[in-house]
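Okay, thanks for coming, everyone.

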Amino acid sequence: MERMQEEGDPLERPIPLTDKERLMVQDSWAKVYQNRDDVGVAILVRLFVNFPSSKQFFSQFKNIEEPEELERSSQLRKHAGRVMSALNTLVESLDNSDKVASVLRLVGKAHAVRHKVEPVYFKILSGVILEVLGEEFPAVVTPEVAVAWTKLFATIYCSITAVYEEVGWTKLSTSTG
Ligand code: HEM
């Protein structure tokens with residue numbers, strides 16, 4: 001019975017990071033964060049190009065398809081900065097579970113209550129981040145480092161969905177799974 005829980009989507013399995021994995025996440029992030037503007041925009045453009053339904057929440061570019069035009073959108077660039085900055089706070093605070101919980105609470109609450117974003121998009125975004133980081137920083141984001149990041153994203157996703165449940169999120173659509 002218990003083994004059942006170990007199967008399934010790794011992005012939905014919240015296993016705590018080991019000390020070594022925390023360091024791997026922090027070391028790799030330091031290199032990524034040096035290029036935060038470009039990386040953040042590349043991640044979000046990839047999200048919106050590969051998963052066009054994720055654009056529906058953004059008034060200013062929900063009807064834009066051209067990657068170059070998406071890249072220029074100030075609303076996209078602003079959100080990219082916010083995502084990178086929140087991730088930076090989380091990575092810097094891996095030893096402080098209260099801080100991690102409070103950041104995720106704020107992010108979860110705002111996206112559920114104000115932006116009405118289906119929680120599945122957080123999982124989709126995590127997959128896109130892993131993909132872009134692996135491509136852009138192959139020497140840094142080795143398979144072992146990617147496993148550590150996957151564990152962090154699973155923790156983030158589970159905390160976010162817990163907040164969604166707490167605020168009484170009800171699914172509006174079935175089109176995104
Ligand atoms: C790690 C993941 C994410 C982080 C850290 C994050 C962070 C933020 C922050 C800090 C804000 C601005 C403050 C606020 O209104 O609460 C924001 C706004 C917003 N986020 Fe996210 N976000 C994430 C993922 C997503 C995803 C996956 C979507 C949808 C696909 C999304 C859609 C939005 C929208 C629509 C806004 C409002 C944009 C605006 O008013 O211009 N976010 N996000």
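**Around the ligand**

So, 17 residues surround the ligand, and the closest are F57, R82, A86, A110 and Y121. A residue gets into that shell if its C-beta atom, placed from the backbone, lies within 6 Å of the molecule. Before I go on: this is a predicted model, where local features need pLDDT of at least 70, side-chain atom pairs count only at pLDDT 80 or more, and totals for chains, interfaces and linings use all residues. Numbering starts from 1 along each chain as its sequence is written.

Which elements give two or more residues to the shell around the ligand? Those are α5 (74-92), α6 (97-114) and α7, and α5 gives the most, with five residues. The helices here are DSSP runs, H or I, of at least four residues, and strands are E runs of at least two, numbered from the N terminus.

By class, the shell has 10 nonpolar, five polar and two charged residues. Nonpolar here means Ala, Val, Leu, Ile, Met, Phe, Trp, Tyr, Cys and Pro, charged means Asp, Glu, Lys and Arg, and the others, Gly among them, are polar.

**Helix against helix**

Let's stay with α5. The axes of α5 and α6 come within 9 Å and cross at roughly 155 degrees. Axes are lines fitted to C-alpha atoms, for helices over the stretch in contact, and angles run from 0 to 180 degrees between N-to-C directions. That's why α5 and α6 are roughly antiparallel to each other; the labels are under 35 degrees for roughly parallel, over 145 for roughly antiparallel, 65 to 115 for roughly perpendicular, and oblique for the rest.

On the α5 side, A86, T89 and L90 meet V100, V103 and V107 of α6, with contact meaning C-beta atoms, placed from the backbone, within 7 Å. That contact has five nonpolar, one polar and no charged residues.

Next, α3 (residues 36-50) packs on α7 (residues 120-136) at about 125 degrees, axes 9 Å apart. That makes α3 oblique to α7. From α3 we have V39, A42, I43, R46, L47 and N50, meeting I124, L125, V128, I129, V132 and E136 from α7. The tally for this contact is nine nonpolar, one polar and two charged residues.

Last pair: α2 (residues 19-33) and α8 (residues 143-166) pack at about 100 degrees, again with axes 9 Å apart. The two are therefore roughly perpendicular to each other. E21, M24, V25 and S28 of α2 make the contact with E144, V145, A148, W149, K151 and L152 of α8.

**The record**

An unreviewed UniProt entry annotates residues 16-165 as "domain: Globin". In the model, that span is 75% helix and 0% strand, and its end C-alpha atoms lie 21 Å apart.

Notes:
Two residues are in contact if their C-beta atoms, placed from the backbone, lie within 7 Å. UniProt positions are given in the numbering used here, feature names are shortened, and annotations may be inferred rather than shown by experiment.
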